[in-house]
Amino acid sequence: MSTAGAMQAAEATAQMPVIAPHVPAWRIFARNGTAAFGAIVLAVLIPLAVLGPFLAPFDPSRVNAGPPMAGPHWPHVFGTDDLGRDVFSRVADGLRVSLLVGFGAASFSTGLGVVVGGVAGFFGRFIDDLLMRITEIFQVIPRFFLGVLLVAFFGASIFNIIFAIAILSWPEVARVVRSEFLSLRARQFVDAARVAGASRRTLIFSEILPNAMGPVVVNGTLLVGQAMLLEAGLSYLGLGDPSLVSLGVMLQEAQQIMRTAWWTTAFPGLMIFLAVLSLNLVGDGLNDVLNPRSRER
Amino acid sequence: MLFYVARRLAQAVPLVFVIILINFFLIHAAPGDPVFVLLGSMDTTPEFVERVRREFGLDQPLWVQFATYLGKILSLDLGYSLRFQEPVLGLILDRLPATLLLMGTALTVSSVVGILLGAIAARRPYSVTDHASTIVALAGYSMPVFWLGQIMLIVFALHLAWFPTQGMYSLRAPSEGWGRVMDIARHMVLPVITYSVYHLALVYRLTRVKMQETLALDFITTARAKGVPEGRVVFVHALRNAVLPVVTVIGLNFGFMLAGSVLTETVFAWPGMGRLLFDAIGARDYPVLMGLFTVLSLMVIIANVITDVIYAMVDPRVIYR
C-alpha cells in the first residue's frame, strides 16, 4: 500500500467510532525484530555494568593482574593492557561509567528541553519567540567544540562532562516538546479541562504533559546513545574524568599501544558500539509503540 | 536574490556576537585569574603578565573589558599562544587547508554515495537490500568515529600494509607534481573512509525516507504513465525533489561534521585543525582553544548561510516566504 493510501485509511479509521483491538505494548515492540534484539543486548549489558565489580574476575585497576600486553586468553578473555590490567574487568567498569554519563546527560538534557519547550509551547507569543531564538542559536554554534571548551575550562570531572553534554543536547528536545505542546494546547480535551476550571498547573502537568511524553521518551532513549558517543569523543581528546575510567578513556589510553595490542581498543569500542546500537534499536521500537502514526509507514 | 543573501548575512551577525560573548564569559567564569586564561600558561615573566593585563584592560570595568575583547576579535587578533610562540590566527590558518582538503573530499564522497544508495534503496522498500543497508547505516551511526579509525588503521595500515599509518605525506615521496598528489591521496584513503561512514549513514537514511515520500506522489505516477524510463523517473524527477531537504540537513550538520573531522584527524595524525585542538587540550592552551572555537563557529555560520543560499537558488519559493 502506498503511503498516501495508508494515510487515507488511517484517517478513515480515526473518524469512525470503532474501538481499536487491544494490542499489548510489548507485542508491538516485539513485532519489530531488531528492537527486540536491542532490548536483549541491553538486558545483558546493563546488569554487566551495574554488577561489574562483582562479576569481573579481577580488580579493574589492579596492575599486573596478568602478564602485560597479553592477547585474549583464559582467564583474561579480552587480554591485558601495558600494565597487565585485565581488559575485560576494565571494560565492565568502563561500561558502568559510560552508561552513567549517557543516562545522566540524557535525563538532564531531557529535563531542560521539556521545561524550555513546554514553557515556549504553552505560553506562546513573545516567550515562545525568545526561547526559540535561544534554541536556534544553540543549534547553530558547533556544540561539540563548546563542550570541549566547557570541560577544558572547568575541569574534566564526571559532573562537568554530564553537564556539558546536556548543554549540547537539549535543543532537539525543546523543539519536539514545543511542537507537541502547541498542538495539544488547542485540542478539545484541553479546552474542556480549561472550561471546567482547571488551573494552569493541572492543564500543564495532568492534561498536556502526559500526552507529550511519547516523543520525549523515544528521543531520550536515542539521547543516551548520543551522549555515550559524545563522552567517548571528549575522552578521546583527553577530556575524560581521570578518576573514573570510561570506555572512551580506555580508547584514548589504547591509542598509544594499539599497534601491538589491538584488543585494548577493539573490545572497549565494540562495547560502546553494541550499547549505542541497542539503544538506537530500542528507541525505534519504542517509537512504534508510542507514536502509532509512524507505525503505518 | 542579492537582497536575500544580504538578509541572511545580517541574520548571522548576532550569532558571531554570541560566539564572542561565550568566549568572554569563559575567560571570566573559569576558575583562576582571567589573565592566566588569556596567557594559556603560568610560567612566564611578571612583566608579560602585566602587559597582557593592560592590553586586555583587565583592571577596567567589565563592559570596557568586553569592548576591548570584541575590538580585538573583530580586528582578527585571536591572541597569542605562548606554547607555540605564534599568534593563534596564524596557527589556525596554517592548518586550515589540510582540514578542508580532508573534510571536503569526505563530504563529497559520502554525500554522493549516500544519496545514490538512498535513492536505490527507496526504489524497493522492505526488500532484503533495503533492510541490509538500513542496518549497516544504523551501525555506522552507532559507533565512535575515531574507534572505527583505530580499527581501520590496525587492519589496513598495520596488518595488511595497504596504506600509510599516519600523516599527510611521506618524507621520501616526490615533493611536487603528480607523485606528490598520489602520495597525499594514499594518505587520505583511510581517514576519508573513516570519516565518511557516519555522514554517509546520515545522508543515506534521510535520502531513503524523502525518496520514498516523493516516489508516492502524483507527479511520479504521471511521469511513469506517460512512459518516462524508470531510471529517469527515479534519478531526475524524484531525486531532484527529494534531495532538497537532504542538502539542508548536510548544511545544518556541518558543526557535527567538523567534530567528526577533528576526531578522525587525531587518529591518523593528520596535520589539520583537529591535531591542533588535540595538542591545545593537552597543554590547556586556552587562547588556541578559544581561537579554534571562534574560527570553527564562523565556518559553521558561513556554511549555514551558503546552504540557505543554495537552497534558495534551487527552490526560489523560500525567498518570498
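The model is predicted, so local features need pLDDT of at least 70 and side-chain atom pairs count only at pLDDT 80 or more, while totals for chains, interfaces and linings use all residues. Residues are numbered from 1 along each chain as its sequence is written, chains are lettered from A and ligands numbered from 1 in the order in which they are written, and side-chain values use heavy atoms, with hydrogens and water left out.

Trainee: How many helices and strands does chain B have?
Mentor: Both kinds of element are DSSP runs, numbered from the N terminus: helices are H or I with at least four residues, strands are E with at least two. Counted that way, chain B has 13 helices and two strands.

Trainee: How many residues of chain B are in contact with chain A?
Mentor: Contact means heavy atoms within 4.5 Å. On the chain A side there are 39 residues, and on the chain B side the number is 52.

Trainee: Which element gives the largest share of the side of chain B that touches chain A?
Mentor: Good one to look for in the structure! The largest share, nine residues, comes from α13(B).

Trainee: Where does Ala166(A) lie, and is this residue buried or exposed?
Mentor: Start with the element: Ala166(A) belongs to helix α8 of chain A, residues 158–185. Its relative accessible area is 1%, so Ala166(A) is buried.

Trainee: Which residues is Ala166(A) in contact with, leaving aside its neighbours within four places in sequence?
Mentor: Look at another part of the chain: Ser107(A) is 59 residues apart from Ala166(A) along the chain, yet their C-alpha atoms are separated by 8.2 Å. With those sequence neighbours left aside, the contacts of Ala166(A) are Ala105(A), Phe108(A) and Ser109(A).

Notes. Buried < 20%, exposed > 50% of the residue type's maximum accessible area, 1.4 Å probe, protein only.
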